[in-house]
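Trainee: I would like to work through this structure with you. Where shall we begin?
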Amino acid sequence: MTATAEAPDRRSYFAEGWNPAAWLLSTDHKRIAWLYLVALLAFFFIGGAAATLIRIELATPAADLVSDDTYNKLFTVHGIVMVWFFLIPSIPATLGNFLLPLMLGAKDLAFPRLNLASWYVFMAGSLTTLYAVIAGGVDTGWTFYTPLSTMFSNSHVSLAAAGVFIVGFSTIMTGINFIVTTHKLRAPGQTWFRLPIFVWTLYATSLVMVLATPVLAASLLLIVADRVFGIGIFDPAQGGDPLLFQHLFWFYSHPAVYIMILPGMGVVSEILPCFSRRPLFGYRFVAYSAMGIALLGFLVWGHHMFVSGQSSFAGVVFSFLSFCIAVPSAIKVFNWTLTMRKGSITFETPMLYALGFLGLFVFGGLAGLFLAALAVDVHLTDTYFVIAHFHYIMVGGMVTAFMAGLHFWWPKMTGRMYSETWGRIAAATTFVGFNLTFFPQFVLGYLGMPRRYHTYPDEFAVWNMLSSAGAVILAFGYLMPLCYLGWSLFRSRRAPDNPWDATGLEWQTSSPPPQHNFATQPEVTGPPYQYELPEIDRPAAPR
Amino acid sequence: MTIRAALLTYVGLLLLLALTVASTFVPLGAGNSLINLAVAVAKAALIGMVFMHLRRSGLLVSLTVAVLLFWICLMYGLTLNDYFTR
Amino acid sequence: MSAEAQGHATGVEPSGEFGVFVFLVSEGLLFSALILGYLVARLAPGADFAAGSRELSLPLGTLNTAVLLSSSFCIALATIWGSERSRWARLAALATVALGIVFLCIKGYEYFEEAQKGLLPFRDMSDRYPKAEPQHLRLFFDVYLALTGTHALHVISGIGLVGGIALFWRRLARPAHTLKLAALYWHFIDVIWVFLFPLLYLAR
Ligand code: HEM
Ligand SMILES: [Cu+2]
């Protein structure tokens with residue numbers, strides 16, 4: 001990444017220097033976005049490596065590659081790394097960090113130094129956990145359930161939990177920064193209902209970050225306190241209640257799944273109008289439903305505890321509320337679909353990814369409704385059906401949206417165009433590979449294959465083989481962008497300022513943007529997504 | 001906030017503290033907990049309104065505090081809903 | 001939105017207070033979750049919180065509450081004097097720190113006494129706590145340690161924060177403003193204690 005230095009007249013943010021200090025100590029949100037991007041990619045591939053080993057083990061019914069104990073540690077690393085060190089910060093800390101000030105017409109986030117600090121805190125926490133993994137591993141699953149994690153596990157639970165705890169601080173820092181920025185640093189004329197949906201979803205995400213993460217901190221703190229000092233609030237032998245841990249953990253972790261998906265919804269809401277040349281259908285509904293999801297997401301956590309021993313009345317309440325949360329998600333899906341209606345759709349790479357998101361998210365969300373039904377969940381809980389459900393949303397939805405956003409804004413971030421052909425091939429490959437990997441897991445779960453075992457009866461062999469084969473294709477789908485995007489940094493066409501002819505303030509500045517984002521303070525005079533049919537010459541600025 | 005207001009608040013806080021501690025020597029059953037809770041809320045309100053100048057910090061900050069209280073209700077309500085119906 | 005806040009500076013003045021309050025919301029939920037643990041434990045069959053509470057020292061607890069309230073008063077004075085650019089501001093901030101340290105010392109002494117009686121759940125209580133049914137107290141002391149321990153950690157970071165501002169007063173760009181933000185945090189710690197005190201010491 002050294003050849004992108006700009007001609008001196010344009011003075012892009014890359015021109016501020018290439019020595020390590022210029023990157024590691026810069027408070028420029030655009031550079032911090034890159035710091036996060038590099039770190040998160042590394043974690044994505046670490047988590048991916050664990051997944052690869054898991055899929056190799058599961059390719060055949062017998063235990064041929066790893067022991068049961070190692071297998072436990074593998075899926076734990078996979079879960080912890082993917083959830084906390086990749087998905088939670090993924091879009092907010094990279095694309096969000098880069099774009100939020102640009103979309104608001106601001107010079108930077110409200111607290112630039114806090115932003116840089118959040119990256120260091122993130123690295124400190126994630127490396128702590130990584131050390132715990134290298135030093136021997138953790139075998140509790142990413143959920144750290146008590147009493148397994150407090151009484152029975154003799155792996156490095158405390159250290160791993162401490163790392164996650166520290167990463168939580170960085171999440172809260174980012175959340176505070178985004179909330180304050182959105183309130184205080186909007187461009188003149190940019191009222192709340194002139195904000196791009198991506199900003200709305202980042203705002204909703206940040207609210208969830210600030211409101212949920214401390215509760216995770218409390219639950220992890222109590223686990224560590226139990227292991228280190230014997231403070232047994234979750235320990236039934238002392239009169240404590242292990243279910244309380246699940247309440248606290250899921251009070252965080254269900255909203256956390258919306259931390260993971262909301263920014264993806266925002267990205268797609270930017271891309272679909274652009275490549276359909278249509279304004280976003282029902283803008284206000286999409287904005288409100290983001291806020292609705294942020295609120296309702298806090299009311300349903302008990303659906304992870306249907307068979308745990310919570311009262312059956314609570315089960316019914318949580319089941320009902322879980323159905324309710326499908327409503328705002330469905331509103332969004334309908335609005336996206338109607339946005340494309342009668343549009344003049346073109347299938348560039350970001351659009352292909354966005355369409356992939358749409359299909360996979362709907363599929364995963366519908367599976368969520370099955371699981372939210374109490375009686376059905378008793379059969380499906382802790383099977384591969386659950387695994388398939390959340391991978392459809394988290395990988396099929398969120399990671400696909402991340403790729404969509406990365407391709408959409410890559411020209412803005414780097415000033416370079418990537419190979420469109422390779423982009424389309426990669427988008428198609430991930431879609432096929434993803435479905436081949438995870439659709440069989442729905443079937444397996446329905447047939448009763450439990451999650452978290454390293455062996456299984458012979459009758460599940462075919463579906464597992466398919467799944468492992470799909471994983472190979474999926475891996476190619478993710479490795480390809482690494483190559484052609486990396487390649488594009490060094491030798492490919494320079495990007496124009498607005499390659500997609502998109503609306504939004506970020507496209508009004510140069511590609512890549514100058515250090516302070518805009519030469520003059522931009523103003524906003526109209527609603528977002530002013531796309532018109534048919535395509536004629538039209539200034540990119542919203543009017 | 002003036003020095004006078006701060007001083008009055010401080011005295012009020014100490015009086016409330018005396019009240020709540022004194023009340024524990026009078027056996028009132030559940031009444032004791034009620035008094036303690038009421039006094040705690042009063043003290044928190046005093047500190048918030050005067051020392052943290054919530055009175056004059058505008059809609060946005062007031063909303064922020066309201067969000068906190070609302071979310072505490074959500075957490076407690078839905079969790080205790082489980083414990084009270086076991 | 002007022003025009004002056006938009007898009008220009010990287011928002012020190014209008015954003016700082018709001019940012020701190022958003023942070024305090026987060027902190028508030030951390031303590032709420034821990035206090036939820038208290039409630040659930042108190043409801044648990046066999047838990048005897050009244051007995052546990054009676055083992056704590058009411059005089060020391062009351063004294064400590066008064067100390068913390070005084071520290072809040074102190075830092076309130078410091079912010080007033082700070083906005084008047086008076087030299088007393090720095091002194092009042094240092095007094096706040098001193099009171100914070102006093103609070104920690106008293107708390108530490110309480111822990112020490114409780115450990116002497118064998119009440120703290122670090123080891124098996126039954127060999128050290130001589131009275132009957134130590135198990136009933138155990139849950140109370142679990143919760144007690146978790147709550148006061150987390151609170152004490154916050155007092156420590158508050159001391160670091162306010163102490164840092166007082167020490168580096170001259171080198172800060174806007175010390176009075178920074179102190180005002182730190183004071184919000186300090187008052188918040190006080191509010192938390194205001195709830196912990198009756199929950200733990202007055203549940204007799
Ligand atoms: C329509 C909305 C949704 C509903 C009704 C729903 C419902 C459920 C239910 C009932 C479970 C528990 C299944 C069980 O353990 O027996 C579950 C698990 C899960 N869901 Fe969802 N879900 C929805 C959306 C999402 C989203 C958007 C994500 C992620 C971005 C997600 C991620 C997860 C995860 C990670 C788990 C499994 C956690 C674990 O046990 O390790 N869900 N979902
Ligand atoms: Cu959930």
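## Metals, ligand and chain contacts

Mentor: The copper ion (ligand 2) and the iron atom of ligand 1 are 4.3 Å apart. Keep in mind that this is a predicted model.

Trainee: Which residues coordinate the copper ion (ligand 2)?

Mentor: The donor atoms lie at 1.9 to 2.0 Å from the copper ion. In sequence, the donor residues follow the spacing H-x48-H-H. The atoms are ND1 of one residue and NE2 of the others, and the residues are A:His254, A:His303 and A:His304.

Trainee: Which protein residue is the donor to the iron atom of ligand 1?

Mentor: The iron atom has a single donor from the protein. The donor atom is NE2, 2.1 Å away. The residue sits in helix α14 of chain A. It is A:His389.

Trainee: Which element gives the most residues to the shell around ligand 1?

Mentor: The shell holds 20 residues, and A:Trp142, A:Asp377, A:Thr381, A:His389 and A:Arg451 are the closest. They divide into eleven nonpolar, seven polar and two charged. With five residues, the top contributor is α14(A).

Trainee: How far is the side chain of A:Thr381 from an oxygen atom of ligand 1?

Mentor: Let us take some polar side chains in turn. A:Trp142 has a polar side-chain atom 3.0 Å from an oxygen atom of ligand 1. For A:Arg451, a side-chain N or O atom is 2.9 Å from a ligand 1 oxygen. For A:Thr381, the distance from a side-chain N or O atom to an oxygen atom of ligand 1 is 2.5 Å.

Trainee: Now the chains. How many residues of chain C are in contact with chain B?

Mentor: Take both sides of the interface. Chain B brings 38 residues into contact. On the chain C side the number is 40.

Trainee: What percentage of the area buried between chain B and chain C is on carbon and sulfur atoms?

Mentor: The two chains bury about 3400 Å² between them. On the chain B side, B:Tyr10, B:Met52 and B:Tyr76 supply 16% of that side's buried area, more than any other three residues. The share on carbon and sulfur atoms is 85%.

Trainee: How many salt bridges cross between chain B and chain C?

Mentor: Start with who lines the interface. The chain B side divides into 28 nonpolar residues, nine polar and one charged. Three residue pairs are in polar contact between the chains. The count of salt bridges is zero.

Trainee: Which element gives the most to the side of chain B that touches chain C?

Mentor: The elements giving two or more residues are α1 (3–23), α2 (30–51) and α3 (58–83) of chain B. The top one gives twelve residues. That element is α3(B).

Trainee: What area do chain A and chain B bury between them?

Mentor: In contact here are 22 residues of chain A and 13 residues of chain B. Of the buried area, 74% is on carbon and sulfur atoms. A:Leu211, A:His247 and A:Ser311 lose the most on the chain A side, together 26% of what that side buries. The area is about 1500 Å².

Trainee: Which residues form the salt bridge between chain A and chain B?

Mentor: The count between these chains is one salt bridge. The closest N and O atoms are 3.9 Å apart, against a cut-off of 4 Å. The partners are A:Asp241 and B:Arg86.

Trainee: Which element supplies the largest share of the side of chain A that touches chain B?

Mentor: There are five residue pairs in polar contact across this interface. Several helices of chain A each supply at least two residues to this side, including α7 (157–184) and α8 (197–229). The largest share is five residues, and it comes from α11(A).

Trainee: Which peptide bond is cis, with omega near -5 degrees?

Mentor: Most peptide bonds are trans. Another cis bond joins A:Ser511 and A:Pro512, with omega about -10 degrees. A:Pro147 lies in the loop between α5 (112–134) and α6 (148–152) of chain A. The bond you want runs from A:Thr146 to A:Pro147.

Trainee: What is the phi of A:Asp382?

Mentor: Most residues other than glycine have a negative phi. A:Asp382 lies in the loop between α13 (374–380) and α14 of chain A. It is not a glycine, yet its phi is positive, at about 60 degrees.

Key: Residues numbered from 1 in each chain as written. Chains lettered and ligands numbered in written order. Predicted model: local features only at pLDDT ≥ 70, side-chain atom pairs only at ≥ 80, totals over all residues. Heavy atoms only, no water. Contact = heavy atoms within 4.5 Å. Buried area = accessible area lost by both parts, 1.4 Å probe. Salt bridge = Lys/Arg side-chain N within 4 Å of Asp/Glu carboxyl O. Polar contact = N/O pair within 3.5 Å; in protein donor to acceptor, adjacent residues only side chain to side chain. Helix = DSSP H or I, 4+ residues; strand = E, 2+ residues; numbered from the N terminus. Nonpolar A, V, L, I, M, F, W, Y, C, P; charged D, E, K, R; others polar. Near = heavy atom within 4 Å. Donors = N, O, S within 2.8 Å, 3.2 Å for Na, K, Ca; no water.
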